[in-house]
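Have the sequence and coordinates open as you read.

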Amino acid sequence: MACTRNEILNLYRNLIRESKKWNSYNYRMYALRKVRHEFQENKNLQDERQIQQCHQKGQEALAVIKRQVIIGNLYSTRPLIIETKTASKSI
């Protein structure tokens with residue numbers, strides 16, 4: 001079955017949406033960079049078989065991200081300094 005443009009875009013949106021759910025800054029930013037990089041790298045694919053393989057790989061990655069987000073939320077840690085919001089200091 002051929003992958004349509006809408007299916008690919010929905011996969012991209014779902015991967016980004018699920019990646020943003022990670023509590024851990026490092027995992028969240030890695031996943032977002034990885035998803036964007038993979039889609040950017042493969043945006044010019046023409047071969048239907050390769051597109052289908054990449055779509056399948058993306059579906060598997062989405063399932064992994066969903067599982068890992070759940071596990072990560074069960075064992076959350078303190079936020080990193082980069083994640084904390086500090087009040088702006090007035091001079």
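## Helix packing and core

α1 passes α2 in a left-handed crossing. On the α1 side, the contact uses I8, L11, Y12, L15, I16 and S19, and on the α2 side R28, A31, L32, V35, R36 and F39. By class, the residues of this contact are nine nonpolar, one polar and two charged. Ala, Val, Leu, Ile, Met, Phe, Trp, Tyr, Cys and Pro count as nonpolar, Asp, Glu, Lys and Arg as charged, and the others, Gly among them, as polar. Contact means heavy atoms within 4.5 Å.

The model is predicted: local features need pLDDT of at least 70 and side-chain atom pairs pLDDT 80 or more, while totals for chains, interfaces and linings use all residues. Residues are numbered from 1 along each chain as its sequence is written, and side-chain values use heavy atoms, without hydrogens and water. Helices are DSSP runs (H or I, at least four residues), as are strands (E, at least two), numbered from the N terminus.

Two packed helices are described by the angle between their axes and the distance between the axes. Axes are lines fitted to C-alpha atoms, for helices over the stretch in contact, and angles run from 0 to 180 degrees between N-to-C directions.

| Pair | Axis distance | Angle |
|---|---|---|
| α1 and α2 | within 9 Å | roughly 165° |
| α1 and α3 | 10 Å | about 25° |

The α1 and α2 axes cross at roughly 165°. That angle makes α1 roughly antiparallel to α2. With an angle of about 25°, α1 and α3 are therefore roughly parallel. The cut-offs are under 35 degrees for roughly parallel, over 145 for roughly antiparallel, 65 to 115 for roughly perpendicular, and oblique for the rest.

α1 also passes α3 in a left-handed crossing. Here E7, I8, L11, N14, L15, E18 and S19 of α1 meet I51, H55, G58, Q59, A61, L62, I65, K66 and V69 of α3. This contact of α1 with α3 has eight nonpolar, five polar and three charged residues.

What makes up the largest nonpolar core? It has 10 residues: L11, L15, I16, W22, A31, L32, V35, L62, I65 and V69. α1 (5–19), α2 (25–41) and α3 (48–74) each give two or more of them. Such a core is a set of buried Ala, Val, Leu, Ile, Met, Phe, Trp, Tyr and Cys residues joined through side-chain atoms within 4.5 Å. Buried means under 20% relative accessible area, exposed over 50%, partly exposed in between (1.4 Å probe, protein chains only).

Now some individual residues. Contacts below leave out neighbours up to four places away in sequence. L62 touches L11, N14, L15 and E18. I65 lies in α3 and is buried at 10% relative accessibility. I65 contacts L15, E18, S19 and W22. Its C-alpha is 8.4 Å from that of A31, 34 residues apart in sequence.

R28, in α2, is buried at 17%. R28 touches S19, K20, W22, N23 and E83. Y12, in α1, is partly exposed at 27%. Y12 contacts V35, R36 and F39.

Technical notes. A crossing is left-handed if the near helix is turned anticlockwise from the far one by less than a right angle, and right-handed if clockwise.
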